Amino acid sequence: MKNEKGIILIIAMIIISSCNIYAMKPKHNTIKHTNVTQSANKSMEQILKLAKAYYFGNDSIYMNKQKAFELFSKAAKQGNLEAQNFLGCCYSTGEGVAKDIEQAVYWFRKAAEQGFATAQFNLGLCYQSGDGVEKDFNQAVYWFRKAAEQGNAYAQCRLGGCYDFGDGVEKDFNQAVYWFRKAAEQGNAKGQCHLGVCYGSGDAGEKDFNQAVYWFQKSAEQGNDDAQYFLAQCYYFGYGVEKDFNQAVYWCQKSTEQGNATAQYFLAQCYYLGNGVEKDLNQAIYWLRKAAEQEDTAAQCLLGECYLSGDGVEKDFNQAAYWFRKAAEQEDANAQYLLGVCYDSGNGVEANDTQAFQWYFKAAEQGLLKAQKILIIKYEKGVGVKKDKKKAEYWKKKVAEQENK
């Protein structure tokens with residue numbers, strides 16, 4: 001079983017949170033007006049406090065989303081920014097009211113335009129995903145930046161991601177690291193994980209696996225499943241820490257418990273090889289299937305190979321072809337090649353030279369050397385495709401380029 005997966009940047013979780021409101025102390029000329037204002041503020045605070053109690057539930061109040069929505073609505077219409085943001089959340093998730101993304105955007109925008117950082121972050125998410133508004137990465141960055149500059153850690157992390165991928169801004173690893181660090185230093189688990197990846201990949205300057213491990217550990221201890229997987233990789237290969245298969249399996253299991261498909265794939269390899277756990281082919285196949293069912297292409301491809309060879313399972317060419325196809329349709333080059341082999345040999349599918357050629361071609365276009373070599377033969381002999389010496393020569397050059405690197 002091959003050990004194919006390295007550290008992979010996995011960025012993608014929407015988190016909606018509330019934050020504190022800092023109000024200016026009112027300045028009024030008369031005691032009477034001041035008292036009225038203070039009374040109104042106190043009343044508003046009580047409404048908001050009760051709304052949140054119904055929203056989250058506590059020891060004395062049962063959770064009641066509908067009641068929470070009614071109270072948030074009352075406070076929001078009186079101009080309370082935190083309530084407006086919560087009201088947007090209710091509409092966004094359909095909690096206490098029928099789901100209405102456009103209304104969610106309306107209330108997020110009301111609070112965001114008045115400077116409420118959490119609403120700015122949430123509005124940025126809407127623009128990033130295209131929920132309730134037309135997808136617009138520039139607008140997403142605009143609102144993420146507004147919130148990030150106010151210290152919102154979630155927005156700082158998202159803004160870092162935008163710079164990392166060049167979404168709505170020019171790609172800039174320095175800026176990505178800057179914002180990831182801002183979030184990480186506030187204890188944001190995703191920011192810590194991303195910063196660890198930057199140190200591991202060299203995006204934060206020179207590669208520094210010690211720093212990578214430091215930030216992965218911080219994040220993993222907060223329960224971030226990606227960081228737990230990355231930390232497992234560090235222990236397995238000895239990146240920034242002494243190699244320790246037991247610790248690798250420990251953190252990998254932590255990640256798999258949260259359903260991380262990449263970690264499930266990695267744990268399957270540990271069971272297959274007996275690294276950090278007793279060798280157990282049944283457990284290897286169990287975790288491989290778990291990952292494959294979550295559309296992890298490496299797991300799908302490897303599970304197909306197990307069925308093809310009878311390794312850990314009863315040999316089953318139909319199942320082999322099934323899993324190769326699942327991965328091949330997600331553009332996994334090795335699976336495309338192996339599905340081509342199935343069509344060539346008639347294992348698990350009806351033999352078909354044309355289909356075999358098409359899958360080899362897809363893999364070859366992705367740079368898979370063994371697929372490129374097969375294409376030379378196919379073009380020279382005219383199997384599954386019209387004989388074409390020029391195209392055969394073209395793929396010979398491609399092969400030579402790879403072999404001479």
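Which residues of H7 are buried?

1. A word on the model to begin with. This is a predicted model, in which local features need pLDDT of at least 70 and side-chain atom pairs count only at pLDDT 80 or more, while totals for chains, interfaces and linings use all residues. Numbering runs from 1 along each chain as its sequence is written, and side-chain values use heavy atoms, with hydrogens and water left out.

2. Now the overall picture. The protein has 20 helices and 0 strands; these are DSSP runs numbered from the N terminus, helices being H or I with at least four residues and strands E with at least two. Of the 405 residues, 45% are buried (buried is under 20% relative accessible area, exposed over 50%, partly exposed in between, with a 1.4 Å probe and protein chains only). Among contacts with a separation of 6 or more, 49% come from residues 24 or more positions apart (a contact is heavy atoms within 4.5 Å).

3. Back to the opening question. The buried residues of H7 are Ala153, Ala155, Gln156, Cys157, Arg158, Leu159, Gly160, Gly161, Cys162, Tyr163 and Asp164. That is 11 of the 13 residues, so H7 is largely enclosed by the rest of the structure. Its buried residues pack against helices H5 (117-129), H6 (137-148), H8 (173-185) and H9 (189-201).

4. Spanning residues 153-165, H7 reaches 19 Å from its first C-alpha to its last, close to the 18 Å expected at 1.5 Å a residue (the expected span is 1.5 Å times one less than the number of residues). After H7 comes Gly166, whose phi is positive, near 75 degrees.

5. On to charged pairs. The structure holds 7 salt bridges (a side-chain nitrogen of Lys or Arg within 4 Å of a carboxyl oxygen of Asp or Glu). One of them joins Lys65 and Glu95, at 3.6 Å from N to O. Lys65 lies in helix H2 (residues 65-77) and Glu95 in the loop between helix H3 (81-93) and helix H4 (101-112), so the pair ties together parts that are 30 residues apart in sequence. Glu95 is partly exposed, at 24% relative accessible area.

6. Another pair is found in H19 and H20. Glu403 and Lys373 form a salt bridge of 3.0 Å, N to O. This pair links distant parts of the chain, with Glu403 in helix H20 (residues 389-403) and Lys373 in helix H19 (residues 369-381), 30 residues apart. Glu403 is partly exposed at 45% relative accessibility, and Lys373 is partly exposed at 38%.

7. Helix H20 also holds a local pair. Lys396 and Glu393 form a salt bridge whose closest N and O atoms are 3.4 Å apart. Being 3 residues apart in H20, Lys396 and Glu393 are separated by about one helical turn. Lys396 has a relative accessible area of 33%, and Glu393 is partly exposed at 41%. Salt bridges with shared partners join Glu380, Glu393 and Lys396 into one network.
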